[in-house]
Amino acid sequence: MDINHKFLIRNAMFSSPQNRSICFSIRQRCVMAVTLLSLLVFASCSDFLNQDSERVIIADHNHLTQAEDTLYSVVGIINKMQTLADRTILLGELRGDLLDVDTHTAADLRDIAMFNIGDKNAYNSPRDYYAVINNCNYFIANADTAMKNNRNEYIFRKEYAVVKAYRAWTYMQLVLNYGSVPFITEPILSKGDTDKEYPRMDIQGICNYFLNDLKGLERIENPGYGSIRNTDSRFFYFPIYLIIGDMNLWLGNYREAAMDYYYYLSNRNGTNTAYPTDINAIEWDRSDTHWLMTSNQWLNYFYERSEIYSRDAEVITMIPGDSIPSEGNYSNLRNLFNANINNEFQVSLVPSKRIQEISTAQVYCHLTTGGDVIYAPKTLSDNMSGDLRLPAIWMKSTMNNIYTGANTEIQQINKYLTHNVHVYRRTMVYLRLAEALNRAGFPRFAMAILKTGVNDQVISKDIIPYYPNDKEWLSQFQFPANTYIIRTDAQLTNENTMGIHSHGSGWSEHNSSYVLPDDSTLTDEARLQYQINGVEDLIMSEEALEFAFEGVRFYDLMRVALRRNDPAYLADKVYSRRGVDNKEEMKSFIKKDLYQPANWYMTLK
């Protein structure tokens, strides 16, 4: 059936009086919904709903009581989230140590990298976060979660959980960027609401609130909207276990965070199913000892085929982008990272000297077809000495630029080739599980995730004996050996689990230099803390290698710096962006004193 729906648009925050209440009709027949479980086909007028509302998009009655309302409300919120997609990546990466600017970088991006983010910076727009939050608040306040259809199924409950997850994730992004934010849980629909004073919350307040707010919603099934613009809508949801896992990680509730991540992994494909790490890697060919040939399955995590939903899909959550630049929510990341005709073959963002140093510092362990363990030489060119993930995603070549007539070095970053923006992926869950387990006091468990991969045999043999007092708690982590099959030298066809470090550094399980940091001369408590700090450093290096340019680096550094009560942990790494030997030069460019945590945040205008 055709749905000809009017939407009431009300400006709620930071908007002019003349625009606070406007009504308009969505172009009729722009969307045709057959049923909520059927395929959604969106016409060319927009990739989504062609919604120009600044604040709230709701049905033209006071309460959400129809099945169609759920569709419009959720897709309307996704539409609002599209405006956050690029800045989620850019704010989380440009302020870190892995990405740098060049002569072609726009002023707003350069200012982010130099911590000089003014009120007029295009990426400093808290109103866009509150647009998402306000739409979520409206839905939560008005959805009748007790209503059932003629099949005795709850109409709104799935969407209710999804929208609460959207709101929690958006508040997390907001507070990580601004430090302390106005906290609003009721919809703002009038000037009177706008003028109220609202309490402010920091990261602790936000996390504590939403841990309670999301309780009991973790296992509610997501709605099935089929395919939207040939993309499976199951990618558009934020798993609640991952959100509360992240919140517990920020709060220092490490055991709780570890269980949250584990519950997601063990239930992602249904009860008693596996979601293993997979064994995709970029590695030197085992038959080649001349360092000439590589095989590369790791890049499959980023190509369009990664956006096909399956039981072993790497991508978990993404924010969809419009497919053509003329639409309002087109992601510009591919044009910032990749040379193409849209940017006259001049990119804006380049890998930093520091990520090259981290990459080449790794020791690549090679296992030949004959079973010999050898190590790649440190004299290979083009960043091929050490870990191979950076050279796998960073492609450079020279071409004659038709715009300048000169030979130009062009760049391609293979992580940004599709029009969608990836937010969560499987490897991220495993590494955050490792981070939580390590800080919970189990560095050997975390190290196994990095080095060998884990299953029940590894846990019982290599982990529990070292922590006998915690046997009962550790036994909750069940990775059955018949479904989590660890890679062997023979590389059997059914193997699906290996250490994350092996994604780019070869056969880490055989690497004699990649071991648990330890000092047996210390007392038991001091020795454990030494191991925890050392493994945490390895995890942070691993996250740099695995997630470079994916928008999480600055927040990872922030979380560890706050945990250690050591602002220099973040500051020194950011100042090393152009190489460890050039820290003082970088300090002269960044005018803010990053040894002061207050300077890590943007000003909430």
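The questions below take up some terms used for this structure.

Author: This is a predicted model, in which local features need pLDDT of at least 70 and side-chain atom pairs count only at pLDDT 80 or more, while totals for chains, interfaces and linings use all residues. Residues are numbered from 1 along each chain as its sequence is written, and side-chain values use heavy atoms, with hydrogens and water left out.

Reader: Why is Tyr-171 called buried?

Author: Buried means under 20% relative accessible area, exposed means over 50%, and partly exposed is in between (1.4 Å probe, protein chains only). Tyr-171 has a relative accessible area of 0%, so Tyr-171 is buried. Phe-210 also has 0% and is therefore buried.

Reader: What makes the pair of Tyr-171 and Phe-210 tilted?

Author: Rings of Phe, Tyr and Trp (its six-membered ring) pair if their centres lie within 6.5 Å; planes under 30 degrees apart count as stacked, over 60 as edge-to-face and the rest as tilted. The centres of Tyr-171 and Phe-210 are 5.5 Å apart and the planes are at 35°, so this pair is tilted. Tyr-171 is in helix α4 (residues 157–178) and Phe-210 in helix α6 (residues 203–213), 39 residues apart. Helices here are DSSP runs (H or I, at least four residues), numbered from the N terminus.

Reader: Why is the pair of Phe-445 and Phe-477 called edge-to-face?

Author: The planes of Phe-445 and Phe-477 are 80° apart, with 5.5 Å centre to centre, and an angle over 60 counts as edge-to-face. Phe-445 lies in helix α13 (residues 443–451) and Phe-477 in the loop between α15 (471–474) and α16 (524–547), so the pair ties together parts 32 residues apart in sequence. Phe-477 counts as buried at 2% relative accessibility.

Reader: How do you know that Lys-573 lies over the face of Tyr-569?

Author: A charge sits over a ring if NZ of Lys or CZ of Arg is within 6 Å of the ring centre and within 35 degrees of the ring normal. Lys-573 lies over the face of Tyr-569 at 3.7 Å from the ring centre. Arg-219 lies over the face of Tyr-263 at 5.9 Å from the ring centre.

Reader: Why is helix α17 described as largely enclosed?

Author: In helix α17 (residues 553–563), 10 of the 11 residues are buried, so α17 is largely enclosed by the rest of the structure. Among them are Arg-553, Phe-554 and Arg-563.

Reader: Which residues does Ile-358 touch?

Author: Contact means heavy atoms within 4.5 Å. Not counting residues up to four places away in sequence, Ile-358 touches Asp-97, Leu-98, Ser-541, Ala-544, Leu-545 and Arg-553.

How values were computed: Helices (H or I, at least four residues) and strands (E, at least two) are DSSP runs, numbered from the N terminus.
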